[in-house]
Amino acid sequence: MNASSLILAVAAVGAVALGNQTFESTCLSFAPEASIWNSTRTQLQYVPAGTNLTFPDNDATCSRGSQVVPVDLCRVALSIPTSKRSSITLELWLPEQWTGRTLATGNGGIDGCIKYEDIAYGVANGFATVGTNNGHNGTYGNAFYQNEDVVTDFAWRSLHTSAVVSKKLTAQFFDSALGKSYYIGCSLGGRQGIKAAEMFPRDFDGIVAGSPAVDFNNLYSWRASFFPLTGASSDTNFISATTWNTTIHNEVLKQCDEIDGVKDGIIEDPTLCHFRAQELSCQGYNTSNCLNADQVNIVEKIYTDYKWPNGSLVYPGMQPGSEILAATGLYAGRPYSPSYDWLRFVVLEDPEWDPASYNIDDALIAHDKNPAGIETWPSSLAAFEGASGKLLTFHGLQDQQITSFNSLRFYEHLATGMQYAPEQLDNFYRLFRIPGMNHCNSGPGAWVLGQGGNAPSKGIPFDAKQNVLAAVVDWVEKGTAPESMIGTKFVNDSVDHGISYTHRHCRWPLNSTYLGGEHDPLQMDSWVCA
């Protein structure tokens with residue numbers, strides 16, 4: 001498929017030559033709209049380092065009203081039609097100190113929010129970096145309603161367009177051949193990266209795909225299933241956040257925390273934790289801080305695989321350890337907004353749909369409809385491997401939005417489809433599990449890996465041992481594949497407060513294993529990949 005020809009007509013224009021011009025004058029004389037057919041320039045700015053750049057027109061639900069710019073750069077923003085009834089907003093930041101590399105950034109949820117923090121992170125490390133609104137503005141899904149073109153932008157076309165456009169404009173601006181191209185994203189952004197590897201295997205040489213929302217339709221059905229299961233917050237058997245955070249979470253830790261040999265509030269490997277909710281039942285001596293039979297059933301179902309009526313898998317159950325944040329999200333006694341909007345506006349095309357009525361029939365409709373091919377569940381990435389592409393995924397093991405068990409499932413799915421042993425997958429695809437990490441970032445574990453523009457990422461060097469993006473760069477450009485990743489935990493997640501500890505995270509199927517005895521569990525070398 002040559003989707004580029006359907007999206008863009010790139011005109012031949014004279015390349016920008018920096019020559020003796022200042023970077024600022026080169027920026028202000030650039031005419032990106034002349035190169036991209038039918039595009040409209042909305043911003044062209046020289047922005048000095050340290051500027052707190054504001055976005056007054058940005059949708060308020062994106063919660064990104066400003067961004068401190070880390071380096072001197074040229075900011076380009078375009079509006080680009082992708083069909084007769086859809087378009088994307090594109091931001092390209094071109095750093096004065098450019099490494100020759102390009103970087104594309106992803107989105108999250110069902111949103112159309114440019115991650116300015118990730119663009120800033122990219123330019124700070126010398127990448128010409130691009131982001132888009134993914135075809136619509138804000139965090140809601142009403143723009144999808146009866147507009148398949150906007151859904152197509154969201155599913156794959158926006159990212160592909162940004163890759164094509166940003167490479168063209170970067171080469172023109174710097175009057176230079178391009179180096180390698182990269183992508184970084186998490187959650188929906190992780191799915192976007194894997195979809196790009198599947199559909200456009202030459203768009204990116206290296207991809208960082210965190211906590212990927214692959215098997216997208218079934219994921220969103222799994223999420224939608226929690227509201228009918230838990231009931232509304234006013235229901236008799238509703239389990240409050242307080243109960244999840246204390247009674248249930250404490251029992252999870254009691255059963256599973258010390259399986260790895262260390263009592264630290266972190267479940268090192270949830271695959272070894274077979275949580276028994278029945279232990280919380282109000283029976284016998286246990287008459288306080290307990291659950292009634294209906295509540296025990298709710299908890300058991302949450303940690304159990306979600307299945308079709310014939311017994312086959314829809315989506316894996318939630319991993320134990322994620323309760324505290326899931327209690328105010330998926331288990332909060334209200335519709336989970338991204339799933340609610342996706343199902344009512346896209347799958348069922350019924351804005352008045354009642355999320356309390358969700359059932360497995362709705363999941364089947366979503367699975368069969370697969371809007372704009374968004375599923376992202378490839379059984380092979382042979383074309384990406386053949387193009388010498390490298391894919392690094394990571395997943396937090398107490399992810400409260402996407403069960404980490406699904407990343408293991410995807411690994412096995414790909415291995416089976418390609419008929420590859422782990423050492424063969426290792427040639428182009430590596431998965432790192434991160435104990436104590438929530439969804440994409442934060443948590444009690446050593447979760448800082450350079451996975452984007454979150455503030456703690458500024459506290460670690462751009463080094464392949466500690467930074468997933470740097471690791472992919474070394475893998476692509478030097479052929480040095482990451483054997484493990486060093487995660488960092490800052491005190492109170494604040495760089496200013498210093499490092500609490502570091503931890504070595506292992507590539508699957510290896511496990512982080514405590515050496516035991518007199519070894520200090522907070523010392524990285526007290527753990528090995530085995």
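Helix H11 (residues 337-347) is largely enclosed by the rest of the structure, because 9 of its 11 residues are buried, where buried stands for under 20% relative accessible area, exposed for over 50% and partly exposed for values in between, with a 1.4 Å probe and protein chains only. The model is predicted, so that local features need pLDDT of at least 70 and side-chain atom pairs count only at pLDDT 80 or more, while totals for chains, interfaces and linings use all residues. Residues are numbered from 1 along each chain as its sequence is written, and side-chain values use heavy atoms, with hydrogens and water left out.

**Helix H11**

- The buried residues of H11 are Pro338, Ser339, Asp341, Trp342, Leu343, Arg344, Phe345, Val346 and Val347; helices (H or I, at least four residues) and strands (E, at least two) are DSSP runs, numbered from the N terminus.
- These buried residues pack against helix H4 (148-174), helix H6 (216-224) and helix H12 (360-369), contact being heavy atoms within 4.5 Å.
- After H11 comes Glu349, which has a positive phi near 50°.

**Gln192**

- Gln192, a residue of helix H5 (residues 188-199), counts as buried because its relative accessibility is 4%.
- A polar atom of the Gln192 side chain lies 2.8 Å from the backbone nitrogen of Asn107, and a polar contact of 3.4 Å joins the side chains of Gln192 and Asn134; a polar contact is a pair of N or O atoms within 3.5 Å, of which, within protein, one must be able to donate a hydrogen and the other to accept it, and residues adjacent in sequence count only if both atoms are side-chain atoms.
- Leaving aside residues up to four places away in sequence, Gln192 touches Gly106, Asn107, Asn134, Leu159 and Tyr183.

**Pockets**

- The largest pocket has a volume of about 670 Å³; a pocket is an open set of points on a 1 Å grid over the protein atoms alone, where a 1.4 Å probe fits, with protein on both sides within 12 Å along at least five of seven lines, and lining residues have an atom within 4 Å of a point.
- A volume is the space filled by probe spheres set on the grid points, which are joined across faces, edges and corners.
- Among the 37 residues lining the largest pocket, Lys115, Ser187, Gln401, His439 and Cys440 are the closest to its centre.
- Strand E8 (181-186) is among the elements that each supply at least two lining residues of the largest pocket, and E8 gives the most, with 3 residues.
- The second largest pocket holds about 400 Å³ of space, and of its 19 lining residues the closest to the centre are Asp57, Asn58, Thr89, Glu91 and Tyr116.
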